[in-house]
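Here are my notes from a first pass through the coordinates. Have a look at the model, then compare with the points below.

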Amino acid sequence: MSTVTCKRVLANIFIMVFLVRIQKRLLILILFGWCFGLGFAFGEENSEFTFLLQSGKSDCFFQRAIQNGTMEVEYQVIGGAGMDVDFTILNPEGIPMVEETRRSDGVHVVEPTVEGDYQVCFDNSFSHFSEKMVFFELYVDGQGGNVDVEEDWGGLEEVDENMLQYKLQDMREYMDSLHKRLERSRQMQAVLRASEARDRNLLEDNLWRVSFWSCASVLVMVCVALTQVYTVRKLFDDKRRVCT
């Protein structure tokens, strides 16, 4: 009887340990799901584009916005002669809200937005030969539905009270602040990458010009040296016969 009892006790202990491990893994999966879903719950959208703007043409991009939101547009010309384009932002009614001429970079914020599709246009029609490499970033705040987010967090609040015993509201505020700061850091890193690419293209262009004119100068110097040598030899070349 004692052996059977010991086996039962050991079996119960093993089952309890197994259940505890399953609960820990379940908690880790729940926390991971929360962190993964925060990027969609805070209602923010960030897009980055790098495209080639042909000479004599213009390109427009459309961005959907909701009522009373915020839209931020930052652009840089990172390649091409002159490093400049014409920039325009049109509201859903087609009225220009921002207009810039022959600029290499800029940052613009539209607040508050109206519901509809905004147009972000880049114009290179003034240049007939040079194409431009343009980088721009769209940062839209206010996307998504707040009602669904509240319902999702409400369901998680019950799980939090029963299992984790945390204050869900404090955790939500901390995660919201962390998400916004990380998003802003990523946005700044993208802008820095665009600036680095622009400087690199400018340096490569200057290097090509310096190399070309250096080779041309060396070629001219060689031609002048050969001409001088030939001229001097002609001065001392006497073809008259001397009788002895």
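Which residues does Thr113 touch, not counting residues up to four places away in sequence?

1. Thr113 and its surroundings. The answer is Ala65, Ile66, Gln67, Asn68, Gly69, Thr70, Met71 and Tyr118, where contact means heavy atoms within 4.5 Å. Thr113 sits in the loop between strand 6 (105-110) and strand 7, and at 2% relative accessibility it counts as buried. For the burial words used here: buried is under 20% relative accessible area, exposed is over 50%, and partly exposed is in between, with a 1.4 Å probe and protein chains only. Two polar contacts of the Thr113 side chain are worth a click. A polar atom of that side chain lies 2.7 Å from the backbone oxygen of Ile66, and the side chain also reaches the backbone nitrogen of Gly69 at 3.0 Å. A polar contact here is a pair of N or O atoms within 3.5 Å; within protein, one must be able to donate a hydrogen and the other to accept it, and residues adjacent in sequence count only if both atoms are side-chain atoms.

2. Ground rules. This is a predicted model, in which local features need pLDDT of at least 70 and side-chain atom pairs count only at pLDDT 80 or more, while totals for chains, interfaces and linings use all residues. Residues are numbered from 1 along each chain as its sequence is written, and side-chain values use heavy atoms, with hydrogens and water left out.

3. Overall layout. The protein has three helices and eight strands, running α-β-β-β-β-β-β-β-β-α-α from the N terminus. Both kinds of element are DSSP runs numbered from the N terminus: helices are H or I with at least four residues, strands are E with at least two. Of the 244 residues, 28% count as buried. Among contacts between residues at least 6 apart in sequence, 80% join residues at least 24 apart. The accessible surface comes to about 17,600 Å², with 59% of it belonging to carbon and sulfur atoms; the areas come from the Shrake-Rupley method with a 1.4 Å probe, and for residues only the protein chains shown count as cover.

4. Four strands make up an open sheet in the order 2-7-4-5, with antiparallel pairing; two strands pair if DSSP finds at least two bridges between them. Strand 2 (58-65) and strand 5 (96-103) are at the edges with a single partner strand each, so one side of each has no neighbour in the sheet. Neighbouring strands are turned by 15 degrees against each other on average, direction ignored. That angle is taken between N-to-C directions on a scale from 0 to 180 degrees, using axes that are lines fitted to C-alpha atoms (for helices, over the stretch in contact).

5. Strand 4. Six of the six residues of strand 4 (residues 85-90) are buried, so the strand is largely enclosed by the rest of the structure. Val85, Phe87 and Ile89 point one way, and Asp86, Thr88 and Leu90 the other. On one side, strand 4 pairs with strand 5 over five bridges, including Phe87 with Glu100. These two strands form a hairpin with five residues between them, and Gly94 in the turn has a positive phi of about 85 degrees.

6. The disulfide. There is one disulfide in the structure, with the term meaning a pair of cysteine sulfur atoms within 2.5 Å. Cys60 and Cys121 form it, with their sulfur atoms 2.2 Å apart, and the link is right-handed at 110 degrees about the S-S bond. Cys60 lies in strand 2 and Cys121 in strand 7, so the pair ties together parts that are 61 residues apart in sequence. Cys60 is partly exposed at 36% relative accessibility, whereas Cys121 is buried at 11%. Strand 2 and strand 7 (residues 116-123) are also joined by eight bridges, with Asp59 partnered by Phe122.
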